[in-house]
Amino acid sequence: MFVDRLQRLGANTIQTVAGLGRATLMLMGAVFGKPDVRKGFPLLIKQLYVVGVLSLLIIVVSGLFIGMVLGLQGYTVLVKFGAEGMLGPLVALSLLRELGPVVTALLFAGRAGSALTAEIGLMKATEQISSMEMMAVDPLRRIIAPRFWAGVISMPLLAVVFTAVGILGGHLVGVDWLGVDAGSYWSAMQANVDLYQDVFNGIIKSIVFAFVVMAIALHKGFDAVPTSEGIAKATTETVVTASLAVLAFDFVLTALMFGG
Amino acid sequence: MERILSDLMVDIQNLTFSRGERLIYDGMSMQVKRGQVTAIMGPSGIGKTTLLKLIGGQLKPERGDILYQGRSIPKMSRAELYQTRKSMSMLFQSGALFSEMTVFDNVAFPIREHTKLPETLIRTMVLMKLEAVGLRGARDLMPSELSGGMARRAALARAIALDPELIMYDEPFAGQDPISMGIVVKLIRELNNALGLTSIVVSHDVPEVMSIADYVYVVAEKHVIGEGTPEQLRQHASPLVQQFLKGEADGAVPFHFKAAPYADELMELL
Amino acid sequence: MNTRKIEIAVGCFVAIAIGAFLILALKVANTGFAGSGETYTLYADFENIGGLKTRSPIKVGGVVVGRVASIELDKTFYTPRVRLEISKQYDNFPETSSVVILTSGLLGEQYLGIQPGFIDETVHILQDGDVIEDTRSAMVLEELIGQFLFNRN
């Protein structure tokens, strides 16, 4: 009984480590593979469109709503202390440091990550990847690498857009609706937000999240069992694993950046 | 067997391969001669596709060797393998056209990847290949807009885009209506003759294979159980070969999956 | 969708992102004097800096003229020494000026206030690296309360 459990633990560990190893190898192949600018660049642009531009709408809408909610919630608390002038920094700092990068990464995992897993899983199921290999074209370079880099480029851009829209959303509710002074909204924000400490750290966070989400999404797709159940399972796993990984990495990064 | 080395395109020697716990090939050997259509037949699920992937170097055998034009595929480095694959080509069962590109771009794909030819020349080449399979008019369609038979013909055009020396067909007749089947049979034979290709056809469609193959291997139970020209095979002594060729339900390959005696199992319930 | 449309869309996407970044960098964050214009350095010794922090603003009559660059403890007298980074624009504070640690509002953050002093022929203008002698430390709430109670008695 106990030995059985132990054995299962061992088997799971080996499986996990092997999976991580495969993911790392794949990532290495995709990232450090010799890039071919002439053929690679159009592919990158196409993927930037699929991964980045098509995610823009959901990012803008969510950013606006989250900023508005922050403005409303922050106001009701701050007004009790007569400190509604601090609404600007509250909205800006929560978005810049946490919500911008994290929520963008979660939405990105749900929208682009799952789509990538399904797409690559389907390519595998319909033998497109195999046939590319047989045509002596490396699928890591041709399929994985452009998607990976498009994700890594898109995510910080989307996070920045999300944050900016969120701050405007907070302005919309706090200033235009609830009557916080516009001048103090912006000036208190400027007094409390630091370009390096807050803005750049937020962007660094979102670059790290991009690596994590893309690595998970592409690996799950590439490793998917090429059947319809296998792809469905891989897609779900992408969203779950990527979201958890983002939250875990967020804690580590927050501790490193703001904890000390 | 006294064959001249250069006469052999693919030489499989004592191939042993297993997938997980399941042994698929146990010391199997076969030869594919240059310029011929060699067919590999056998019941479903004996790993015929696996064999093509072994020849293509996508899988590695446990024991034995696979020689392609005298050079060992499993022992090649990755770069050598990729170089070698440029001279072979494979037609997958589903066609495996890239779903994001038009038919034209699909056929142009290997040319664009491996050559630096100007776009006008690529256009000419692609149109020639599409003309050969009769799909010149469908060049701007997406793969999802093609019927199964058309998709396979488009994939065939892509497979011959770089004029390979060896072309491997994975179940080219499966799931085709009689007309498309006839077209594919005609194309395989014609391409083989016109382009001087060597073809390997993996299939379980007996009449079609018998009509185009120069040499046939029947594979079952991890071994080659019969080989020869279609004529020789029809005269083959093995009951297994005869059962397969005639499509009989019961015989050397039993109708029933391996099970405990029927009566015993019925009694257990009582 | 043809290539041109895709390229235009991607271009718009990148432009929007750059625009958003500029909003964050210029309108939201306090780029302050970090990169904008040249600064010169002054020093001031305090007895107690209270809650003053690196990058706290330095104000004259409420106008920000610089930032606290660093705070160190003097090893001989064990008093904090503050390094002030002040914009070159405001380079004529006389040596009679005084520095005070002030608090914005009751619970707000602390900042440095410079009170410009008088000027006559004997008074020098503070140069890069000079020390402001006249300083007043931060008000510490506990000390204030202590004083209040002491005076009552």
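Because the model is predicted, local features need pLDDT of at least 70 and side-chain atom pairs count only at pLDDT 80 or more, whereas totals for chains, interfaces and linings use all residues. Residues are numbered from 1 along each chain as its sequence is written, chains are lettered from A and ligands numbered from 1 in the order in which they are written, and side-chain values use heavy atoms, with hydrogens and water left out.

Chain B is divided into domain 1 (8-87 + 164-268) and domain 2 (103-163), the bounds coming from an automatic or database domain assignment. The C-alpha centres of these two domains of chain B lie 27 Å apart, and their contact (heavy atoms within 4.5 Å) takes 16 residues from domain 1 and twelve residues from domain 2. The two domains of chain B bury about 1,100 Å² between them, 70% of it on carbon and sulfur atoms; buried area is the accessible area (1.4 Å probe) that two parts lose on being put together, summed over both. Of the area that domain 1 of chain B buries against domain 2 of chain B, 42% is supplied by Lys86(B), Pro164(B) and Leu187(B), more than by any other three residues. Between the two domains of chain B there are zero salt bridges, a salt bridge being a side-chain nitrogen of Lys or Arg within 4 Å of a carboxyl oxygen of Asp or Glu.

The contact between the chains takes 21 residues from chain A and 28 residues from chain B. Chain A and chain B bury about 2,000 Å² between them, 52% of it on carbon and sulfur atoms, and in chain A the residues that lose the most area to chain B are Glu127(A), Met134(A) and Met135(A), together 33% of what that side buries. Four salt bridges are counted between chain A and chain B, and Glu100(B) forms a salt bridge with Arg147(A), in which the closest N and O atoms are 3.7 Å apart. By class, the side of chain A that touches chain B has seven nonpolar, four polar and ten charged residues, where Ala, Val, Leu, Ile, Met, Phe, Trp, Tyr, Cys and Pro count as nonpolar, Asp, Glu, Lys and Arg as charged, and the others, Gly among them, as polar.
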